[in-house]
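Trainee: I am new to this structure and would like to learn how to read its features one at a time. Could you take me through it slowly?

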Amino acid sequence: MIWNDEFETLPREAIESLQAKRLRQVVERVNATVPFYRESFEKAGISPFQINTLDDLKRLPFTLKQDMRDNYPYGLFSVPLEQIVRIHASSGTTGKPTVVGYTRRDIEMWAELMARCFGAAGVHQGDIIQNAYGYGLFTGGLGAHYGAERLGASVIPMSGGQTKKQLMLLQDFGSTVLTCTPSYCLFLAEAAREEGIDIVNLPLRVGIHGAEPWSEQMRGEIEEKLGIKAIDIYGLSEILGPGVGIECIEAQHGLHLWEDHFIPEIINPDTGEVLPHGEKGELVITTITKEGIPLIRYRTRDITRIIPEPCICGRTHVRLERMSGRSDDMMIIRGVNVFPSQIESVLFKIEGVEPHYQLVVNREDNLDTLEVQVEVNEVTFSDEIKELQSLSRRIQKDIKEILGVSCQVKLVEPKTIARSEGKAKRVIDLRDQA
Amino acid sequence: MKVQQISIFIENKAGRLAEVTRVLGESGVNIRALSLADTSDFGILRLIVDKIDAAQEILKSGGFTVNKTDVVAVEVPDRPLGLYSILETLDRGRINVEYMYAFAEHDGANAVIIFRFDDPDAAVDLLRKTGIHMLDGEAVYNM
């Protein structure tokens, strides 16, 4: 269902002229209200009046996550604090969190975009949405919640964790939609199986999953184990939170980014140069309607490409290919770039291997080592040593062939690898401690 | 003429083997015979027990990966060349042995060898034709 028929299907020229107009406004606004931007424009030798067309965007300097940290907590806000009605912050595992503030209009806009996302995922009034994203400083829970209410669906503010209760509500409340991270979704499926709950035959119909990178194979696994359609959603707190983009249920291919509010660019992460449509690189987003903390050319560190072909669903907003990982998640192992999602894809292709894996990176004698820990289950287990050894070798060989990096495979007992109730921790890098 | 064996995946870390035997023992399962195959990272514990289904359930709920396999129990006279005559028969019949382990019967007159064959049906046929004495499941579980 298209929630906002007028804006979601705007002709290309109309989108672009709207973007150009809003870009001029936002650049003028941040120049006038945010000292950081005034200085950064000055340093780049750019005056806001020189920004007239979409093509001028590339002349503006980037905003980095570090800039948000340097201006902690409120330095990048573009309105006085009295106009901020909500404050969220990232988890900030390293150092200070990044802080974002929303005006009343920002909250409205966010609810509107999240409602569009639910619509694109085939969710409508009458649906019961079990929202298992965390409520709190994290944007996931409240972001999805307001969108669900805007849509007119019934939302259960379950938040993350409490797996037994999640399963109870899925059965007793008849939830038809589940919003959570993909790894938690699989964790729930596993817990359901252990409790003897036939999750496939529950009313649950759609899962909306994001907040961490996942693979096409993992989607297959979720859809099969829960008997649902699994939809990829994109968002990041710096830009908005969940709802920046989403796949449509019609195509399940590429995430529509709401271009009346954001301008996407793909750049070469090393040179900063803008890449043509279709090429893979780092996603850069400019927010053109946000009031609280507008960001100009924010480097998301997410690696993707723009899918140039129009979508079958009728929406005219561009699609981004499924994120292949965040450049922060990228490991460099003996000079080879490796994303956890690539290893995940390799594992999924091997019969019986489950998505419970962890990567341990270490350094021995100045050489990087990669250990891939994979849980043994009833399908892959054999009473013969040689069978298990051949499984290890097969994984090793496939990873070497596809990623070009050698690794050690360690088979571990089930449940050895911590199950995440939020974002899955896939990589343990011990190199800095060595 | 087949006997069921359970095998358990055990990571090479302290206390895992003890944990298996504790879980089984506390549920009243008795171990008849066992063999442990190990590599530097992991081991496979193979057990013949008196209550197979119960043992499998208990271990599974204890978080272990468990499989059931068909093996063949052969009674071997406790004298020189007793084992040789059996292996020789298998060799001539081109039956492959994946692994084997032995234990003694209570009365001490015979040894029992547990064989894991790649083709257990063919092995049972051959052994039966040659007149080699095999034990059925019940006999081994209740030994």
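Mentor: Let us start with contacts along the chain, where two residues count as in contact if their C-beta atoms, placed from the backbone, lie within 7 Å. In chain A, residues 24 or more positions apart account for 67% of the contacts with a separation of 6 or more. Please keep in mind that this is a predicted model, in which local features need pLDDT of at least 70 and side-chain atom pairs count only at pLDDT 80 or more, while totals for chains, interfaces and linings use all residues. Residues are numbered from 1 along each chain as its sequence is written, and chains are lettered from A and ligands numbered from 1 in the order in which they are written.

Trainee: How many helices and strands does chain A have?

Mentor: Helices (H or I, at least four residues) and strands (E, at least two) are DSSP runs, numbered from the N terminus. By that reading, chain A has 11 helices and 21 strands. The radius of gyration, taken over C-alpha atoms, can be set beside the globule rule, which is 2.2 Å times the number of residues to the power 0.38. For chain A the radius is 22 Å, close to the 22 Å that the rule gives for 434 residues, so chain A is as compact as a globular protein of that length.

Trainee: Is A:Lys65 buried, exposed or partly exposed, and why?

Mentor: A residue is buried if 20 or more other C-beta atoms lie within 10 Å of its own, exposed if 12 or fewer, and partly exposed in between. A:Lys65 counts as partly exposed because it has 16 C-beta neighbours inside 10 Å. A:Lys65 belongs to helix H4 (residues 65-70) of chain A, and its C-alpha atom is separated by 7.8 Å from that of A:Thr98, 33 residues apart along the chain. Over the whole of chain A, buried residues make up 45% of the 434 residues.

Trainee: Which residues have the most contacts inside the largest nonpolar core?

Mentor: A nonpolar core is a set of buried Ala, Val, Leu, Ile, Met, Phe, Trp, Tyr and Cys residues joined through C-beta atoms within 7 Å. The largest one has 86 residues, and those with the most contacts inside it are A:Met114, A:Ala121 and A:Cys185. Helix H5 (residues 104-120) of chain A gives the most to this core, with nine residues. A second, separate core of 58 residues includes A:Val353 as well as B:Ile48, B:Val49 and B:Ile86.

Trainee: Where do the domains of chain A lie along its sequence?

Mentor: Domain bounds come from an automatic or database domain assignment, which for chain A gives domain 1 (1-327) and domain 2 (331-429). Their C-alpha centres lie 30 Å apart, and 17 residues of domain 1 are in contact with 13 residues of domain 2. On the side of domain 1 that touches domain 2, helix H8 (182-194) and helix H9 (216-226) of chain A each supply at least two residues, and H8(A) gives the most, with four residues.

Trainee: How many residues of chain B are in contact with chain A?

Mentor: The contact takes 16 residues of chain B and 15 residues of chain A. Strand S1 (3-11), strand S3 (42-49) and strand S4 (66-77) of chain B each supply at least two residues of the side of chain B that touches chain A.
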